[in-house]
Amino acid sequence: MSAAGKPGGRPVALVAGASSGIGAAIARRLAARGSAVALVGRREAELKEVAESIRTDGGTALPLPLDLAEPGAPAEAVAATAAALGPVGLLVCSAGAIRLAAIHETEERHWERQLRVNLTVPFLLARAVLPGMRERGYGWVVNIGSGVGSEVVPGSGGYGVSKHAVHRLTELVHEENRDLGIRAVTVAPGWVSTRLAARPADLGVPEEEVLDPEDIADTVAWLLDRPARMSVGPLVRVEPSASRAAAGDAMTRHLTRSRDRDTGPAENAGTAPAAKETR
C-alpha cells in the first residue's frame, strides 16, 4: 500500500448506505475500478450479498453492518475499514432517511432522524477521515444529495432541509481542503428508479425516462477520473432529461395525489419513500 492509502493505484473506499440502490451501485463500480471497498449499512444480509457479488467479480469488499445514526458508529466504521483494508482515501455517503410531510405535520422524531442520517452522519464520517487525508495529501469526499435540496418543494420537510444543508457541508469541506489534495463533491440526483422510489407508472412517467442507480455510479466514476488540476462541483446535479420526470415536480404530484386520496403522509416520492431509510 502506498502512503496515500491507494492499493493498486486506487484509494480504499468506504461507502455508507451500500446495501442497495445508489450506494450498492457505486460500491460495485468502485470495486470494479480497483478500490478495496468497505460496505456500511444496517441490513447485514443485503450487505453480504453486495460484498459477495463484488468478490465474485474479483474485487475486495468488507461488509460492516452498522447503524451509522448510533453514537460512535461512524468512527467505528472508519477505524474498522482502516484496520482491515487501509486508510480511507475515498468516502461516499449514500445513506439517507426520508419522511415527506408539510412542516406543521412533521413529527419531531422524524425531523431529528432525517437530520441525523442525512446531515450529521456525513459530517461525522468526514470529520473522521479528513485528518488522515490531509496528512497524506490525497482524498475524496462524495456526498449523495438530492435535486430536492436545491429546490423549494412543499412537503419535502426535513428531507429537503437536510439535503440542502449537506450541499453546504460539502462546499465547506471543499473550500477548507482544496489546496491539500482533497476534493469534495455532492452528486445530487433527480428521480432515480430504485425499489424505494415512487413507481413511474403511478405518475404517468415511462420507466425509461427515470434515472437508474448505474447512472449515478457512472457520474461518480467520471468525477474520480478528472485530472488533479480540475475541480468539478462541488455540487453536481444529475437529472432526467424529460421534464415530467423531474424529482421536484414528481414529488409534488405524488403528494397531491396522496392528499386527494386522503391517505395521510405520502408513502413514497422522489428518490425514496416516506418513513424509510436507504442504508
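First, a term for the opening stop: a crossing is left-handed if the near helix is turned anticlockwise from the far one by less than a right angle, and right-handed if clockwise. Helices (H or I, at least four residues) and strands (E, at least two) are DSSP runs, numbered from the N terminus. What you're looking at is a predicted model, where local features need pLDDT of at least 70 and side-chain atom pairs count only at pLDDT 80 or more, while totals for chains, interfaces and linings use all residues. Residues are numbered from 1 along each chain as its sequence is written, and side-chain values use heavy atoms, with hydrogens and water left out.

**Stop one: H1 on H6.** Select helix H1 (residues 21-32) with H6: they pack at about 45°, axes 8 Å apart. Axes are lines fitted to C-alpha atoms, for helices over the stretch in contact, and angles run from 0 to 180 degrees between N-to-C directions. That angle makes H1 oblique to H6; under 35 degrees counts as roughly parallel, over 145 as roughly antiparallel, 65 to 115 as roughly perpendicular and the rest as oblique. The crossing is right-handed. Now show side chains: the contact (heavy atoms within 4.5 Å) includes Ile-22, Ala-25 and Ile-26 of H1 and Ile-216, Ala-217 and Val-220 of H6.

**Stop two: H1 on H2.** Pick out Ala-24, Ala-27, Arg-28 and Ala-31 of H1 against Val-50, Ser-53 and Ile-54 of H2.

**Stop three: a cis proline.** Jump to Gly-233 and Pro-234, joined by a cis peptide bond with omega about 10°. Most peptide bonds are trans. Pro-234 sits in the loop between helix H6 (213-224) and strand E8 (235-238).
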